[in-house]
Amino acid sequence: MIKKLLKYLLIFKINFSASTAFAVDIIGGTPLIVVRLWMLSQLYSTLGGMSSNGQLIGLTVEQVLWTIMLVTAFTSTIWAQRFPEMIDEEVKSGNLAYSLVRPFSFVLYHYVGFLGRAVPLVVANVIVGTLAALFFVGSINITPQAFFGGLLLLFLAYSIEFLVQFCLGLCALWIEDTSGLIDVYLRLGLIIGGTYVPLSFFPETLRTVIEYLPMGHLLYQAARTFTHFETATFMHLLSIMGFWFVALLFLTTWIFRRGIRYVSVNGG
Amino acid sequence: MSSWSALRKYSRFILFSFGRNMASAMEYRSSFVIQIVSSIFFCLGFFAGWYFLIGAQQSINGWTIADTARVFAIGWGAIDGSSLFFYGIQDLSVMINSGKLDNFLNYPLHPLVLIAMTKCRPSSLGSIPVCFLFLFVAGDVTLLTLVMYIVYSLLGMIVWMNLLIIAQVGAFWTGGFDRLIKQIMFTMINSIYIPYTVFSPVARLLTKTVLPSFFIATLPAQLLGRFELEGFLLLVAFAIGSTVLSLTLFNAGLKRYESGNLIGNS
C-alpha cells in the first residue's frame with residue numbers, strides 16, 4: 001500500500017517538476033492576472049460607486065474582485081494544461097495501448113499528474129493575485145472556516161474537473177475528434193465560470209440551474225466560498241459537488257472499462 | 001515578380017489552403033457540427049453575461065449595452081475571422097520552440113503565411129453570423145454601416161494577427177514562452193469587452209500601447225457608431241505600422257532560429 005502511494009507520489013513530483021521547469025512560463029503568466037484584475041477593478045469599482053449602498057448583489061466590491069482574482073488563478077491552470085487534448089492525443093496516437101500495460105492505474109496516473117501540474121501554477125497565481133488584490137482593492141476578511149471550506153471545495157472542484165475532462169478525452173475512442181466537445185466544455189466555463197461576470201449577477205432562476213451542473217462554475221463556487229462563506233451555501237455546494245464526484249467516478253470507471261475494449265495493440 | 005502577381009499567388013494559396021483545411025475539419029462531421037453550434041451558443045451566452053451586468057445599469061459612464069454589442073460584433077469578427085482562416089498562427093511560438101519551422105522555410109511563400117494556413121478553426125463559422133446579430137442589437141443598420149463593419153473587422157483582424165505574431169516571436173529569444181502567450185491573448189481579449197469608459201487614463205494608455213486592444217475593437221466600434229476621419233486614419237496607420245513591426249521582428253528572429261532537423265518527420 002505504502003509502495004503504491006509512493007509510486008503515485010513520485011508521479012506527482014515528476015509532473016510538479018515538469019510544470020516548474022520553465023520559470024519564465026510560470027512567472028511570465030502571473031503579471032497578466034494583475035493586469036486583468038486591475039482592469040476589472042475599474043469596472044466593478046465604478047459599478048459599486050453607482051450602487052446606493054456600495055454593494056453589488058449582496059457582495060462588496062472587494063469580495064467581488066477577490067472572487068474574480070481567485071477564480072482566474074484557479075481556472076487559468078485548467079486552461080493551461082489542455083488535459084482533454086492530452087488524453088485525446090494519447091488515444092489517437094495509440095500510446096494508450098502502451099500506458100495500459102504499465103504497472104499503474106491509468107486513471108490515477110493522470111489524476112495525480114493533473115494535480116501535480118496544477119499545484120505550482122495555482123500557488124504562483126494566487127500569491128501574485130493576492131498581492132495585486134491587496135494593492136488594488138485592499139484586504140478582505142477570510143475566516144478559518146472560509147479558508148478550509150474553500151480549500152475542500154477547491155479540491156473537489158479540481159477532482160470533478162479532472163473526471164469530466166478525462167471522460168471528454170476518452171470520447172476519442174468513439175468519435176475520433178473530441179475538439180468539438182472540449183470546445184463546448186471550455187466555453188461553458190467562460191460563460192458561467194465567473195472569470196468575467198460573477199455568477200451572482202445572473203438571474204436567480206438561471207443561477208439555481210447552473211449550481212446543479214457538474215462543470216463550468218465549480219471553481220467559481222470554491223473561490224466564492226473563500227471570500228464569502230455562508231454555512232448553508234457551503235453545505236449545499238458540498239452536497240452537490242460530493243454527489244457529482246461520486247457519480248462521475250463511477251461514470252469514468254464505466255467509460256474507461258468500455259473504452260479500452262476498443263483498444264487494439266499491434267506489434268512493431 | 002510584380003506586386004499584383006504576388007497578391008494573386010498569395011490569394012490563390014490562401015483560398016486553396018482554406019478549402020483544404022475546411023475539408024479536413026469536416027472529416028470529423030460530428031465534431032465539426034458541435035463546434036459550430038456551441039460557438040453560436042457561446043457567443044450568445046457570453047453576451048448574455050455582460051447583458052446581466054451592464055444592461056441592469058442602463059449606462060455605465062455613458063457606455064450602454066449597444067456599445068457592448070458593437071464591440072462584440074467587431075471584436076469577434078476580427079478575432080474569429082482570423083481564427084477561421086489563419087488559426088495556425090496561434091502555434092507560432094510552439095513551432096519556434098520545438099524547431100518545427102524547417103518545413104516552412106523551403107517554399108517560395110512567406111513562412112508566416114504558410115504557418116498561418118496550417119489549420120483553420122471551424123467554430124468561427126458559428127460566431128461570425130452572430131456578430132451580425134450583435135450589429136442589429138447595436139442598431140442603425142444600413143448598407144453603409146454593414147460595409148464599414150466589414151472594413152473595420154478586417155482592420156481589427158490585421159491588428160490582432162500582427163499582435164499575435166509580435167507576442168510570439170519572443171520565443172526566438174527565450175524558450176518556454178507558450179503559457180505567457182496564452183495569458184497575453186486572454187488579457188488582450190479581456191480588455192476588449194470591458195466598457196472603455198470605466199478605464200482610468202493610465203489604463204486607456206495601456207490599451208493603446210502595451211496591450212493595444214483599443215485598435216482591435218474599441219476604436220473600430222467607436223468609428224462604427226460615429227465616423228471620424230482622424231480615428232480612421234489612426235486605425236489604418238496602426239494596422240500598417242503593426243504589420244511592418246511584426247514582419248521585421250519575425251525576420252530578425254528567424255536569423256536566430258535553430259533547426260530541429262525535422263524535415264520529413266512532421
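Helices H5 (95-100), H6 (106-136), H7 (144-170), H8 (172-175), H10 (204-211) and H11 (218-227) of chain A are among what covers the buried residues of H12(A). This is a predicted model, where local features need pLDDT of at least 70, side-chain atom pairs count only at pLDDT 80 or more, and totals for chains, interfaces and linings use all residues. Residues are numbered from 1 along each chain as its sequence is written, and side-chain values use heavy atoms, without hydrogens and water.

H12 itself runs over residues 231-259 of chain A and spans 40 Å from its first C-alpha to its last, close to the expected 42 Å (1.5 Å times one less than the number of residues). Helices here are DSSP runs of H or I with at least four residues. Buried (under 20% relative accessible area; exposed is over 50%, partly exposed in between, 1.4 Å probe, protein chains only) applies in H12(A) to residues including Phe234(A), Leu248(A) and Gly259(A).

Now for the charged pairs: the whole structure has three salt bridges (a Lys or Arg side-chain nitrogen within 4 Å of an Asp or Glu carboxyl oxygen).

| Pair | N to O distance |
|---|---|
| Arg70(B) and Asp67(B) | 3.2 Å |
| Asp91(B) and Lys119(B) | 2.8 Å |
| Glu228(B) and Arg226(B) | 2.9 Å |

Asp91(B) sits in the loop between H3 and H4 (92-97) of chain B and Lys119(B) in the loop between H5 (111-116) and H6 (124-138) of chain B, so this pair ties together parts 28 residues apart in sequence. Asp91(B) is buried at 19%, while Lys119(B) is partly exposed at 32%. Arg70(B) and Asp67(B) are three residues apart in helix H3 (65-86) of chain B, about one helical turn.

Definitions and conventions. Chains are lettered from A and ligands numbered from 1 in the order in which they are written. Helices (H or I, at least four residues) and strands (E, at least two) are DSSP runs, numbered from the N terminus. Contact means heavy atoms within 4.5 Å.
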